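User: I would like to go through the labels used for this structure and see what each one rests on. Please set the values against the definitions.

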Amino acid sequence: MSTDAAPSNLVEVSSAEHFQSLLSADLERVSLINFWAPWAEPCKQMNEVVIELARKYPHILGLQVEAETQTDIAESFEVESVPSFIILRGHTLLGRIAGADAPALTDAVATHARAPSSIKVLSSTDKAPAAAPTAEETQEQLNNRLAGLMKKDRVVLFMKGDPDAPRCGFSRRIVALLREQGVQFSHFDILTDDSVRSGLKVLNNWPTFPQLVVNGEFVGGLDIVTEMVENGELKEMLA
């Protein structure tokens, strides 16, 4: 990541041990953690926002964490997509912002950096993902909706983000793989619907994303699809 003329309070994290030592140095200090990836276009803009925030608030600690290099740190904060931002005081969670939402990040940092005596500690500040139905679904209704989504096209990829702007490295890699093979597919962004995300994990007995579905049947995640491409099984399935 390029941090030309980056302020001294903005640090590139090199390991989990490095991360813990930086946080533990001052348990009263507010820290802004930026989870980013070099391939994600939205991160480029938000990296500049983080640099400017670090300049504006020199008493906060800015931590740059490359999510796919520092996986232990990303997993400890349940980071599922980039960019994502965590605001801490010491080891206490103050806020969480997902996505390239510069105004929300700026407001959150301003609130916590300027008013340490009136901090309200939150367990999480994630906004509830937009769900498709307006009323609460029964399990049967959800399963019917999932079945419909899985059958909406011959090949459906359930992923984080969309093919032109994936929100995780695994989604990016499976999109590239399918495109290299000339596979026509539609997609569903599971970050927009928490019911679909949770439901597919149970329905397909598969805990992670992306998930590839062919003819309404779950095929597998990135590792399985990669293996099927290599042994010709995917081409045979789609013939």
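Analyst: What follows takes salt bridges, accessibility labels, a charged patch and a strand pair in turn. This is a predicted model, in which local features need pLDDT of at least 70 and side-chain atom pairs count only at pLDDT 80 or more, while totals for chains, interfaces and linings use all residues. Residues are numbered from 1 along each chain as its sequence is written, and side-chain values use heavy atoms, with hydrogens and water left out.

User: What makes the contact of lysine 44 and glutamate 41 a salt bridge?

Analyst: A salt bridge requires a side-chain nitrogen of Lys or Arg within 4 Å of a carboxyl oxygen of Asp or Glu. For lysine 44 and glutamate 41 the N to O distance is 3.3 Å, so the pair meets the definition. The two are 3 residues apart in helix H2 (residues 41–56), and therefore separated by about one helical turn. Helices here are DSSP runs of H or I with at least four residues, strands are runs of E with at least two, and both are numbered from the N terminus.

User: Why is lysine 44 called partly exposed, and what is the label for glutamate 41?

Analyst: Buried means under 20% relative accessible area, exposed means over 50%, and partly exposed lies in between (1.4 Å probe, protein chains only). Lysine 44 has 45% relative accessibility, so it counts as partly exposed. Glutamate 41 has 53%, so it counts as exposed.

User: How many salt bridges does the whole structure hold?

Analyst: A search of the whole structure finds 7. One of the pairs meeting the definition is arginine 145 with glutamate 137, at 2.8 Å from N to O. Glutamate 137 is partly exposed, with a relative accessible area of 21%.

User: Why are glycine 199 and asparagine 34 called buried?

Analyst: Glycine 199, in helix H7, has a relative accessible area of 8%, so it is buried. Its C-alpha atom is 7.5 Å from that of leucine 146, 53 residues apart along the chain. Asparagine 34, in strand E2 (residues 30–36), has 0% relative accessibility, so it counts as buried.

User: Which residues make up the negative patch, and which helix supplies the largest share?

Analyst: Asp223, Glu227, Glu230, Glu233 and Glu236 gather in this surface patch. Patch members have over 30% relative accessible area and no salt bridge, with like charges joined within 9 Å. Asp and Glu count as negative. Glutamate 230, in helix H8, has 65% relative accessibility and therefore counts as exposed. Helices H8 (222–231) and H9 (233–238) each supply at least two residues, with the largest share, 3 residues, coming from H8.

User: What makes E10 and E11 a strand pair?

Analyst: Two strands pair if DSSP finds at least two bridges between them. Strands E10 (residues 211–214) and E11 (residues 217–220) run antiparallel and are joined by 3 bridges, so they count as paired. Leucine 212 stands opposite glycine 220 in E11. The hairpin has 2 residues between the strands, and asparagine 215 takes a positive phi near 55 degrees.

Definitions and conventions:
Patches are made of residues with over 30% relative accessible area and no salt bridge: like charges are joined within 9 Å, nonpolar side chains (Val, Leu, Ile, Met, Phe, Trp, Tyr) within 5 Å. Accessible areas come from the Shrake-Rupley method with a 1.4 Å probe; for residues, only the protein chains shown count as cover. The place of a charge is taken as NZ of Lys, CZ of Arg, CG of Asp or CD of Glu.
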